[in-house]
Amino acid sequence: MRFGRALHEAGVTVRYGAGLRRSCSARLVVPGGGSEAPVSDGPYREGRKHLGGLWVIDVADEAEAVSWAHWMPAAPGDLVEVRPVRVT
């Protein structure tokens with residue numbers, strides 16, 4: 001809540017933000033395989049890191065996004081990935 005409040009007070013537009021449920025609730029789908037393509041149930045242990053949530057914010061540039069990433073609520077040892085959104 002504090003992070004969202006700080007973004008709001010700074011005038012940063014939050015386009016979307018949400019936590020994700022554990023990977024055991026995930027489904028792995030291969031795109032382009034049609035409705036008959038196999039779907040695998042989670043959890044997935046192939047990777048050591050898992051996406052726990054996301055924020056989509058509207059900022060001027062990558063430097064500002066990185067600056068905000070330093071303030072993301074996270075557990076010790078967690079990482080925050082900053083990535084631009086592809087707009088089509």
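Modeller: This is a predicted model, and it holds two aromatic pairs.

Colleague: Where in the chain do Phe-3 and Trp-55 lie?

Modeller: Phe-3 belongs to helix 1 (residues 2-9) and Trp-55 to strand 4, so that the pair links distant parts of the chain, 52 residues apart.

Colleague: Are these two residues buried or exposed?

Modeller: Phe-3 counts as buried because its relative accessibility is 8%, and the cut-off for that class is under 20%. Trp-55, at 34% relative accessible area, is partly exposed.

Colleague: Why is the pair of Phe-3 and Trp-68 edge-to-face?

Modeller: Planes over 60 degrees apart count as edge-to-face; the planes of Phe-3 and Trp-68 stand at 80°, with ring centres 6.1 Å apart, so the pair falls in that class. This pair joins helix 1 to helix 2 across 65 residues, and both Phe-3 and Trp-68 are buried.

Colleague: How does one read the empty space?

Modeller: A probe the size of a water molecule, rolled over the atoms, shows where empty space is left. Here the largest pocket has a volume of about 1,300 Å³. Its lining comprises 34 residues, and Trp-55 is among those nearest the centre, together with Gly-53, Leu-54, Val-80 and Glu-81.

Colleague: Which element gives the most to the lining of the largest pocket?

Modeller: Strand 4 does, with six residues. Strand 1 (13-19) and helix 2 (62-69) each supply at least two. By class, the lining divides into 21 nonpolar, six polar and seven charged residues.

Definitions and conventions: Residues numbered from 1 in each chain as written. Predicted model: local features only at pLDDT ≥ 70, side-chain atom pairs only at ≥ 80, totals over all residues. Heavy atoms only, no water. 1 Å grid on protein atoms, 1.4 Å probe; cavity = no way out; pocket = protein on both sides within 12 Å on 5 of 7 lines; lining within 4 Å. Points joined across faces, edges and corners; volume = space filled by probe spheres on them. Helix = DSSP H or I, 4+ residues; strand = E, 2+ residues; numbered from the N terminus. Nonpolar A, V, L, I, M, F, W, Y, C, P; charged D, E, K, R; others polar. Phe/Tyr/Trp six-rings, centres within 6.5 Å; stacked < 30°, edge-to-face > 60°. Buried < 20%, exposed > 50% of the residue type's maximum accessible area, 1.4 Å probe, protein only.
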